[in-house]
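Subject: Structure for your review

Dear colleague,

Please find the structure below, with its sequence. My notes on it follow.

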Amino acid sequence: MPSSSLAFGQNQPFDSIAGPTYVTAQTLIQQVAYSLSDKLFTYSPDTFDLDVSASEWFAQGEKNANGYATSVHPIQVRQGAGSIALGYIFSKDFDLKRRHIPQGLLASSSSLRYLKSALEQLSLLYNVANPFVAHIAAADYMGSKKGGMVADYTNAMAVAEDLGYGMVSSTSAYESQHMALLATTMAQILPTFHIYDGVKVGRETTRVVDVLDRAGLRRAYHSVIAAGATTDNKHMDIQGRAMKLLQSFNDELGSDYQFFEYSGHPLPDAVLVTFGSIESSLARQVASVLSKQDTRVGAINVRIYRPFVEEEFLRVLPKSTKVLGVLGQVIDKNAVREPSIRSSLYEDILPALAFSGVKAQVQELKYSRSQNWTSIEIAAAFQTIIGKPVLIEGINGTASALELLDSSVQQYSFWDVDQSPLAEAATILARTLSKDSSNNVTTSSIYDNELEGGSVRIDIRKSPKSLEASFSIDAAEAIVVGEVKLLAKVNIVKSVKDGGNIILKLPGVKDEDVEKKLPVSFRKVIAQRAINLFLVDPAATTLAEKDNVEPIIMETAFTRVALRDVEPTALKKLAAIVGQPELVEAVSKDLDNTLREIEVPKSWADTEPESEEKILSPDLSCNSFVGFDKDESEPLSQLRTWQKAAKGLLFKEAYNTKPALRPDLPIKTFTVHVKENRRLTPSSYDRNIFHIEFDLGASGLKYDIGEALGIHAENDPTEVMEFIKFYGLDPEEVVEVASREDPSVFENRTVYQSLVQNIDIFGRPPKRFYEALANFADNEGEEKELRILGGPEGAKEFQRRAEVDTITYADVLLEFPSAHPSFHDIVRIVAPMKRREYSIASCQAVTPSSVALMVVVVNWVDPKGRDRFGQATRYLSKLPLGSPITVSTKPSVMKLPPKSIQPLIMAGLGTGLAPFRAFVQHRAMEKAQGKEIGSVLLYMGSRHQREEYCYGEEWEAYQDAGVITLLGRAFSRDQPQKIYIQDRMRQTMTDIIQAYIKEDGAFYLCGPTWPVPDVTNVLEEAIAIDAKAVGNKKVDPRKEIEKLKDEGRYVLEVY
C-alpha cells in the first residue's frame, strides 16, 4: 500500500528534490534532516511513515551535505527509547570531529512523553553536545467513541517550555523546508523543535517551486552559522542571538520570516493570535477576506514560539487593537470546559500584554486537539472576538463557507471504500493533471477505517498559482463516488458546487431502478441544486478480458465529464502515465457503453422521506494514515503449466530462481533421515508407543537438552489421491503460490505436492471455513446449512461435528457438492498444515549425529465406524528407514539446573518421559567424565508394566550405574488399588525433602495436566514437613512454590 507521506505515493530519489517539484512537507523535512544531520533517530509509530524517505536514502547510500551517508536509526516508541540517541551523543567513542554536526530526530508529538527524560538530560548537557534538532509531526491518535488522528501541539509546547527548547512552526509545505533549515540553524543556540501539522499539511502532495537541493542546503546552513559566529553574538542572551540568527537567515534566503507575522486590516479592532499549521494558515486567509469586506480584523501567526520574544510580539501587534483573541489548544474537551485550565499560548500572551501598557482586552478561545478547523470555524472565532456577525447565512439556515479560493481554482473529490480501484484512479488522475506545467496540483487523502470497513476521500485541486488549502473541498466541479452505500452514511453531496457533476459507479443497474438505489436525501439535494448525475457501469464494458481495466474506465469517465474541454490532451497525458495508450484509447471509445448521464427528475426536489431522515456525517473521520489491511487470507495461488516451472529451473538467473527447503515455512528447517523406528509397546497392545531416531548427517541441526523437535508431517498419499480424484483435480498441474513471508516471492509445486505437504485438507475446519464455503454453494439449501454452521445458531451442531464426528475439510467438501471452490480458493480458505512438536528424547552431547523422539500414535474410531488418526503421529509411525523428513527445533522451559550437583526430581507420564531420557543421558555423561553429580529421582507413570514400561531396561541400567538414585514406578492398573505417580512420590517423601529442599534440587513434570494439583500437593507437603522440622512456622508452602517457579526449580511442561 503506497505511503500517504509520499508525493503521489511514490518514493523520490534524493537528488531529484530540487527546484520546482511535486513533494510533501514530510519529504522536504526529511531531506533537510538527512542532508544536515550526522545521525538521524526516528520514532515513527506504525503507518505514520515519518522516516520512509530518509530510510530509503540511507539504504541507497546517499551522501549528506557532509560527504557521507546519514545513519538512520528507527527506534521503537516506548519508555526509555530516547536513551539510545543520548548514549550515542555522549559516547566515549564519539568522533569529536563531528561534534559540530547536528544530530537529528524525526518523531510524532505522541512520542514526546517517552522521550522527555532523555531530552531533559540533553538540555542539561547541551554545552558539550552536538547541535540537536527534532522535527515533530503534530499527530496523535485520540481514543474515544469516535476516535481519530489529531494535530497535537499541546504536548510539544509543554515539553519545549519545561525543558527550555526552541520551537519553530511551519504553516504549509511551501515553507516547511525553510523552517526545517531555520530550526537546524537555531540548534547552534539551543536544542530546537520544528513542529508542523502531521495529519494533513505534512501529507499533502503539492508543487513547491523554490526547493533547495543538498548543495543549496549546505551553502545556506553554513552561511547563516558563519554570520552568527561573531564575538558580539556570543555575548547576547538567547533571545538576542535568535533574533540575529533569523536576520541572517532572511538575508541569505531573501525571505521575510518573523517571530510573529501579522496579516489583515491595517487598523484592526480585533486580532486573533494562532499557533499551528492549519490554524494559522486559515486565520491569515480568513482575516484577508474579511478585511477586504472592511471588517476590521487581523491575525498574528506565531512562527517562532520559543524563545518567546515579547518585544517582537508587541512590535507586530497593531496599536488599534481593542480585543486580542488567543486561539489556544488544550488536551481535550474537558479542558476546554474547565475554567481553571489555560492554554500555553494564552499564558505567554497575557503577561506580555499585562506588563506592556497595552490596553487591549485579552480573550482566550480554547479548543481541543480533536477540533477540525474550516474557514467557517475560524470565521466564527473572529465573530466571537469582534462581537458582530461576519458569516453569511446559507442553505437551511447554516453558515456558508467563505470563498478563500478564487474562480481559477478547479476542485475534484473522490470517495470510495479504501481497497477499490478508484483510489488508484484518483492518484493517476492527479499525476495526469500535474503534467500541465502552467498549473499547480494539490492532493490530500483522508482514511476512515471504521466506515464501511474502510473508506477513503481524495481531494484534488488545480490552480495557476500556489495554494494553501488544508481543508476539505466544499465546492467541487466534479466528485466521483465509487461505493453507493457511502451516500447513506456521509453528506458527500455537500462537497460539490451547485450545478456541478457527480460521477457514481453503479454497476448492473437499469435506468428505471436507479431511483431505488439512491437515498432520498441525496436525490432531493441534487435536484434542488441542479447537480448533474452520471453513472459508470464497468460491467458493461466490451473490454472485460483486459487486465486492470476498471481503474482506466473510471479515469476516462472522469476525463470525459470533468475535463471535457481538454479531453484529447488529458487522455494523451493519462496514457503516458498508465503506459497503455492503446487500452486508454479503447476504453475512451467504449465509454458509450460504460458511462451515461441520468436525467434528474424535478419531482426529486419535492421528495419527502418515508421516515425520519438519518443525520449524515459531514465528512470522513480521519482515524488512520492508510487503509485498513482487511486481507487476512493467503495470497491466491495460480495454476501454471509444468513448462513454466521448467523454465525457472533451466534459466535460474533470468527467473531469479532459488532452491529452498520448505520455503513456505517461516522458520529454519532441516532435512534428516530415519535411522531407527521401533515400537516400544507389544504389537498386540492397543497403544502404539514407538521410538524414532533420525540421522542428522550434514544437516547442521543443533539442539539443546529439553528442546522440542518440530515435525513437518505430510498427509497420507493414498488419501490425497482419493481426494484429488473425487474433487476432479489434476495432480500434476503446477501451482504457483505467493510466499506467506514475502508475497513478492513465488513458490512452485504440483497440486499433489501442495495437498501432501502444505494444505491441511484432513484437518478439522473452524467455523469460518463453513462461512467461507457458503459463498461457493450453488444449491440454496446447502448454502443455508453452511451459513448456519458458520453462525451462532449452529454452535451445538458445529461442536458435535468437531468433537464427536471429527469432521475434516475433505469431509465437508464431499458433504456439500454444490460448494466447489477452485483450487486456489482451497489454498485460501483451508488452513495450512502446522508442525507438531515432540520433546526430544536424546542428548546431542552424547549422540552428536542423531536425535530421538518417543511418540504415541493418536487413533480413534468415529461414529461412522471409520478409523481416524492423528496426522503427524501416523506419518511418523509409518516412516521406513532412510526416509527423509523436514524438521525444526523449538526452545523449551525444560532446562537443566546450572550446577551439576543440583539434584533432579523428574515426574513423567507416558511419553512425558522423553525429555528425562535426555536429562539422564547428560548426567551419565558427566559422571563418566568424573564430575560430581547430584541425585536423580525419576518417577514414571503408566497403565501396565508389561506393556508400557518404556525404556525400562535403560532406566534400570542407569540405576545400577549410580546415575539414577531413585526409580519410582507407578503402574496404575497392575493391582486392585490404583497407584499413581503422586503416591510413589509421597512414599519417598524423605528423599524428596533431601533432594529438593536441602540440596536445592529442581523439579520437573512432563505429560498430561491432570496430575499437576496432586503432584504439587506432595511438594507443598514436603515444604511444610521440612519447615516444621526446623521450627519455621512462617513458611507458606504455596508461596514457596511460586518462589521456586521464579527460580526455575519448579518446571511444568504439560498438555
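In what order do the 7 strands of the open sheet that includes E3 and E14 lie? The order is E3-E2-E4-E5-E9-E8-E14, and the pairing is mixed. Helices (H or I, at least four residues) and strands (E, at least two) are DSSP runs, numbered from the N terminus, and two strands pair if DSSP finds at least two bridges between them.

Before going further, please note that this is a predicted model, in which local features need pLDDT of at least 70, side-chain atom pairs count only at pLDDT 80 or more, and totals for chains, interfaces and linings use all residues. Residues are numbered from 1 along each chain as its sequence is written, and side-chain values use heavy atoms, with hydrogens and water left out.

Confidence

The pLDDT (the predictor's confidence in each residue, from 0 to 100) averages 89 over the protein chain, and 92% of the residues score at least 70. Over residues 394–400 the pLDDT is below 50, and this stretch makes 11 contacts in the model beyond near neighbours in sequence. Residues 631–637 also have a pLDDT below 50, with 17 contacts in the model beyond near neighbours in sequence. Contact here means heavy atoms within 4.5 Å.

The sheet from E3 to E14

Strand E3 (71–74) and strand E14 (304–306) are the edge strands, each pairing on one side only. From one strand to the next, the twist averages 20°. Within this sheet, strand E4 (residues 103–108) and strand E5 (residues 132–138) pair in the parallel sense over 6 bridges; the bridge partner of Gln-103 in E5 is Phe-132. Helix H5 (residues 154–163) lies across strand E8 (166–169), strand E9 (192–197) and E14, and runs at about 170° to E9. Such angles run from 0 to 180 degrees between N-to-C directions, with axes as lines fitted to C-alpha atoms, for helices over the stretch in contact.

Two loop residues deserve a mention. Phe-48 sits in the loop between strand E2 (39–43) and helix H2 (52–59), and is buried with a relative accessible area of 7%. Buried means under 20% relative accessible area, exposed over 50%, and partly exposed in between (1.4 Å probe, protein chains only). Leaving aside residues up to four places away in sequence, Phe-48 touches Gln-26, Ser-108, Ala-139, Met-149, Arg-203 and Phe-625. Thr-171 is in the loop between E8 and helix H6 (173–186), and is buried with a relative accessible area of 2%. Its contacts, again not counting residues up to four places away in sequence, include Val-201, Ser-280, Arg-284, Asn-301 and Glu-468.

The sheet from E18 to E23

Another open sheet of 7 strands has the order E18-E19-E17-E20-E21-E22-E23, with mixed pairing. Strand E18 (440–448) and strand E23 (595–598) stand at its edges with a single partner strand each, so one side of each is left without a neighbour in the sheet. The twist averages 20° from one strand to the next. Strand E17 (residues 410–417) and strand E20 (residues 476–481) pair in the parallel sense over 4 bridges, and the bridge partner of Tyr-412 in E20 is Ala-478.

H18 lies across E17, E20, strand E21 (496–505), strand E22 (532–536) and E23, running at about 155° to E21. At 1.5 Å a residue, the 14 residues of helix H18 (residues 549–562) should span 20 Å, and the end C-alpha atoms are 20 Å apart, which agrees; the expected span is 1.5 Å times one less than the number of residues. H18 is mostly covered, with 12 of its 14 residues buried, among them Ile-552, Met-554, Phe-558 and Val-561.

Other enclosed elements

In helix H1 (residues 25–36), 12 of the 12 residues are buried, so H1 is largely enclosed by the rest of the structure. Strand E16 (residues 361–368) has 6 of its 8 residues buried, so E16 is likewise largely enclosed. Strand E15 (residues 323–330) and E16 pair in the parallel sense over 8 bridges.

Nonpolar cores

A nonpolar core is a set of buried Ala, Val, Leu, Ile, Met, Phe, Trp, Tyr and Cys residues joined through side-chain atoms within 4.5 Å. The largest has 162 residues, of which Phe-193 and Phe-382 touch the most other members. Apart from it lies another core, of 41 residues, among them Phe-8, Val-441, Val-536 and Leu-571.

Yours sincerely
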